[in-house]
Amino acid sequence: MRRFLQVTLLASTPSLLFACHKDTPSGAGGSASASTANTASTADASTHTDGTEAVGENVDSPASFGLPEPPQLAPGPLRVKGYPDNVRNGMNDPADWAGFTKDGAELGYCATLGGKVPVTEICNTIDRKSKLITRTNENRAQQHDNKLAEDLKKWRDASGLTELKPTSPTVQKPPALTGNWPFTDIAVEVMVAGSTATKKGDMTPASVRLGGAVGDEAPVFPFTLASNPKPQAPPHFAVLNFFALSPGGKELGALGHFNACEYCDSFDIKRWTVGAFAAGIYNDTGFRHHGKKEYAKAAEYFLKAVFADPGAKLPAYNLASAYGRMKDPHTQAALKLAIARGGDATKKRAPKDADFELVKNEPWFLQLTQ
């Protein structure tokens, strides 16, 4: 059993890094890199959806497997702690525009970066599959191009992105995250983790962690926004540059901004369905109870996660594990769902998992895992 599982997203999420000098930043055209998020699990190996996998996915309801549906909550406003906050310190170059496009198809930012004259402008967005789309005012030779600059401005102004205007050289505050969602027992939280020195003397770059607290529970932070893991100078300054609900309210989008020194800025963009975001919080909260052998409470949160995100694999497996520890009558239904979502890997893993010790000799268990 492992406390945290490194999770690779379905499609790479861009983390755009700029070198620390005043000339044209290296990688000004944008580059995609694999991003990960920590998700608590009783499983040793699986994939937890970050939201992109679940969009448009046709998955049978957990209720069709015989699982009890958790109590319905009335939709209500998103409650957020730790955002918005000031994103400017006078040295960094945060995004000037950010958000979803009007149709919700793209999520991203526009920024003015580096010390060149004319300035380098760039807009990076990701689509619903996290594919990076880059628009810039420079040509392939990294020289300013008037036609590209005109096209960039025209797209940006019509895109639907929100302009983030600074009020002073050291003050710039993004708009609050507003809107309604169905997971009103969760208070969303944002935590900025500063850079820290490791035992070897290296620096762990600053990052932004996202999560929340269910009811009176302590918060958990399943999702991370981070810079390129090997920048020339590890960022010591990190902020949540933008956090918003998509048009229609089905997705959450976040933009992290990171700075190490002048002209050394990077960004990380991520988007989740609201169900996947809530499921990550329910799942991690449940795992904390599972680790304390509070299996009934753990199952309560795993069940919420299973219904919140129709594409998530780990919550279904974790639910079966918690039920298995109690020899609950719903263990069979939960394991069926876990296998439907996790496939052969789940069939092979379950017989070796101590969570199923009380049921591993049951005929239904042997049939499901053969």
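## The second largest pocket

In this predicted model, helix H3, which spans residues 295-308, gives the most to the lining of the second largest pocket, contributing 3 residues. The space inside that pocket comes to about 220 Å³.

The residues that line the second largest pocket include Glu-69, Pro-70, Pro-71, Gln-72 and Leu-73, together with Pro-182, Phe-183 and Tyr-282, and also Lys-304, Phe-307 and Ala-308. Sorted by class, this lining is made up of 8 nonpolar residues, 1 polar residue and 2 charged residues.

## Salt bridges across the structure

Side chains of opposite charge can pair when their charged atoms come close. When the whole structure is searched, 15 salt bridges are found. One of these joins Glu-251 to Arg-271, with 2.9 Å between the closest N and O atoms. Because Glu-251 belongs to strand E19 (residues 251-261) and Arg-271 to strand E20 (residues 264-273), the pair ties together parts that lie 20 residues apart in sequence. Glu-251 has a relative accessibility of 8% and therefore counts as buried, and Arg-271, at 1% relative accessibility, counts as buried too.

A salt bridge also forms between Asp-268 and Lys-270, where the closest N and O atoms are 2.8 Å apart, and both Asp-268 and Lys-270 are buried. Glu-357 and Lys-360 form a salt bridge in which the closest N and O atoms are 3.1 Å apart; here Glu-357 is partly exposed, with a relative accessible area of 45%, and Lys-360 is partly exposed as well, with a relative accessible area of 30%. Elsewhere, salt bridges link Glu-121, Lys-153, Arg-156 and Asp-157 in a network.

Asp-96 is located in the loop that runs between strand E6 (80-81) and strand E7 (97-100). Although Asp-96 is buried, this residue has no salt bridge, and the nearest side chain of opposite charge, that of Arg-88, is 4.5 Å away.

Terms used:
Residues are numbered from 1 along each chain as its sequence is written. This is a predicted model: local features need pLDDT of at least 70, side-chain atom pairs count only at pLDDT 80 or more; totals for chains, interfaces and linings use all residues. Side-chain values use heavy atoms; hydrogens and water are left out. Helices (H or I, at least four residues) and strands (E, at least two) are DSSP runs, numbered from the N terminus. Buried means under 20% relative accessible area, exposed over 50%, partly exposed in between (1.4 Å probe, protein chains only). Lys and Arg count as positive and Asp and Glu as negative; His and the chain ends are not counted. A salt bridge is a side-chain nitrogen of Lys or Arg within 4 Å of a carboxyl oxygen of Asp or Glu. On a 1 Å grid over the protein atoms alone, a cavity is a set of points where a 1.4 Å probe fits but cannot get out, and a pocket is an open set with protein on both sides within 12 Å along at least five of seven lines; lining residues have an atom within 4 Å of a point. Grid points are joined across faces, edges and corners, and a volume is the space filled by probe spheres set on the points. Ala, Val, Leu, Ile, Met, Phe, Trp, Tyr, Cys and Pro count as nonpolar, Asp, Glu, Lys and Arg as charged, and the others, Gly among them, as polar.
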